[in-house]
Amino acid sequence: MNYEQMSNNKLAITGKILEVPVFSHEVFGEGFYETKIEVKRLSEQVDILPITISERLIIEHDIKVGDIISVSGQFRSYNKLVDDKSRLMLTVFVREILDDEQMISGNNIDIVGYICKPPVYRTTPFKREICDVLLAVNRAYNKSDYIPCITWGRNARYIKNLPVGTRISLSGRIQSRVYQKTSSDGSVEDRTAYEVSVSKIALNTMHDNIEYEEIM
């Protein structure tokens, strides 16, 4: 992976491990596990985020439920078959666990990618402006991560008019949000969405060599 591909997607978060890590998959003999981490907001609310971490890091740092850790890595997506339907899943992919001198506070992410669906602009009953955008973020080996992002206020007004294919840089934090999904049989199920809550936007005119797939 070259430097540009790594700099397309950078995060650092600090939080509490909530669950015993469960085996997910293996790559070149290295096992990867999934768990959840609780990250506090400035408002004292919390975001519960899924994380993927290698067995080597778990053993090296003796990670246990209840531990407070700082991690750096990337926000990644993958497709998973659920009830015979493909669903976009998101996870914090841990590259490094920071030591005490490197520990950060909070939840920070910077991504660079391409708008791959028309932005969806709306206002709330309280006249708050919101715009949702899906960003394709290039990764090594001709892969892309598809990252849902949400913008507010003047950022929402700005991004709503940007065309598909625009390359932008976004900064913010990863948040979790519980919503209700109504099935065809009328049953209602609580689900959790993960997205980047955007605080800063900038156009990015640099180009890399990896193509993204436009999602319609």
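**Close-up 1. T91 in strand β6.** T91 lies in strand β6, which spans residues 85-97, of this predicted model. T91 counts as buried because its relative accessibility is 7%, and buried means under 20%. Setting aside neighbours within four places in sequence, T91 is in contact with P50, I51 and T52, with Q74, F75 and R76, and with Y78.

**Close-up 2. The largest pocket.** The largest pocket holds about 1,300 Å³ of space. It is lined by 41 residues, and those closest to its centre are R87, L88, Y179, T192 and A193. Two or more lining residues come from each of β3 (30-40), β5 (68-82), β6, β8 (120-123), β9 (129-139), β10 (143-152), β11 (167-182) and β12 (188-203).

**Close-up 3. Make-up of the lining of the largest pocket.** Strand β6 gives the largest share of this lining, with 7 residues. By class, the lining of the largest pocket comprises 18 nonpolar, 15 charged and 8 polar residues.

**Close-up 4. The second largest pocket.** The volume of the second largest pocket is about 620 Å³. Among the 19 residues of its lining, V27, R76, F93, R139 and K143 are the closest to the centre. R76 is also one of the residues in contact with T91. At least two lining residues of the second largest pocket come from each of β2 (22-27), β3, β5 and β6. The lining of the second largest pocket has 8 nonpolar, 6 charged and 5 polar residues.

Key:
Residues are numbered from 1 along each chain as its sequence is written. This is a predicted model: local features need pLDDT of at least 70, side-chain atom pairs count only at pLDDT 80 or more; totals for chains, interfaces and linings use all residues. Side-chain values use heavy atoms; hydrogens and water are left out. Helices (H or I, at least four residues) and strands (E, at least two) are DSSP runs, numbered from the N terminus. Buried means under 20% relative accessible area, exposed over 50%, partly exposed in between (1.4 Å probe, protein chains only). Contact means heavy atoms within 4.5 Å. On a 1 Å grid over the protein atoms alone, a cavity is a set of points where a 1.4 Å probe fits but cannot get out, and a pocket is an open set with protein on both sides within 12 Å along at least five of seven lines; lining residues have an atom within 4 Å of a point. Grid points are joined across faces, edges and corners, and a volume is the space filled by probe spheres set on the points. Ala, Val, Leu, Ile, Met, Phe, Trp, Tyr, Cys and Pro count as nonpolar, Asp, Glu, Lys and Arg as charged, and the others, Gly among them, as polar.
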